[in-house]
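Visitor: I'm new here and would like to learn how to read a structure like this. Could you walk me through it?

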Amino acid sequence: MVDARAGDGTSTTIDPGIDGPPAWRRLFASLMLATIGGIGLWSVVVALPTVQAEFGVQRGTASLPYTMTMMGIAVGGILMGRLADRVGIVTPLIIGTLALGGGFILAAQTTSLLQFILVQGLVIGLVGTSATFGPLIADVSHWFRRRRGIAVAICASGNYLAGAVWPPILQAGITQIGWRQTSVYIGVFCICTMLPLILLLRRPSPVGVGGAAGTGAPVEAEPSNASTLSPGTLQALLVIAGLACCVAMSMPQVHIVAYCSDLGFGAARGAEMLSVMLGLGVVSRIASGWIADRIGGVKTLLLGSGLQCLTLMLYLP
């Protein structure tokens, strides 16, 4: 431990692992977990045309599994985050991994769209994938001070990296062996790869001002001149901003594979387009983290929101 002095002259101990090699190893493991676990977001997008045809439903109805998955992730992220605050990150990750792998195996056994929707929303979304995004990002933030922006951005890129890597693989599997067998293989792969990675996160979070090891508490209290808003108000505004951002990008991301099939280009070309789109999303997230470390989070958010508004305007013509 290193003794440091806060602005008021009081001392606090800082874990030497912060910003050091243990932190970067933990970040790498977290990125891998987020990338593998992020398959819960994109598998149903790639399988959408096949699922629609098999269950004989309209496009809007066939999109319900993705809708329920995202709703499950939203609620599950809060629940898993609360669990991580109480017992550390390892327990929710183990629960999430088993639910994710088991959910994909269970999805392959469904005989109706309703069953498929429930598995996607309650098992894969609510309990599975939810543990591999928000809670992981929060855990990583405790291990960095000087490079917190880029570290959080790298971890947050996991679900976009998943979108860049998984769609071509999934589409190839669906074409060769069908979506049900592909789903079983995904479930087995998730369990076999994610559980060993979780072992790398066994070390409790660093101890800092106002926090205790393993509780998920902040490393240290840092004053901010960016806003005079209360934490609750600021959190609410960020939730609204995140929701608006995701609503804006959901249409091209969710429907690009099916739309390419409708236009006669084939689902494989749509999966490639989705992969490119999300691969560039990884670049933008890491760039945003780099920028945030230099100009601050609020200015970075304003910059990103402005660019997104410009991009959305280009859809009109």
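Guide: Let's start with L31, which touches I154, S157, G158 and L161, leaving out residues up to four places away in sequence. A contact here means heavy atoms within 4.5 Å. This is a predicted model, where local features need pLDDT of at least 70, side-chain atom pairs count only at pLDDT 80 or more, and totals for chains, interfaces and linings use all residues. Residues are numbered from 1 along each chain as its sequence is written, and side-chain values use heavy atoms, with hydrogens and water left out.

Visitor: How far apart are L31 and I154 in sequence and in space?

Guide: They are 123 residues apart in sequence, yet 7.0 Å apart in space, C-alpha to C-alpha.

Visitor: Is L31 buried or exposed?

Guide: Buried means under 20% relative accessible area, exposed over 50%, and partly exposed in between (1.4 Å probe, protein chains only). L31 counts as buried because its relative accessibility is 15%. You'll find L31 in helix α1, residues 21–37; helices are DSSP runs of H or I, at least four residues, numbered from the N terminus.

Visitor: And where does L229 lie?

Guide: L229 sits in the loop between α11 (179–198) and α12. With 41% relative accessibility, L229 counts as partly exposed.

Visitor: What about confidence?

Guide: pLDDT is the predictor's confidence in each residue, from 0 to 100. The protein chain has a mean pLDDT of 85, and 88% of its residues reach 70 or more. Over residues 1–12 the pLDDT is below 50, and this stretch has 17 contacts in the model beyond near neighbours in sequence.

Conventions. Helix = DSSP H or I, 4+ residues; strand = E, 2+ residues; numbered from the N terminus.
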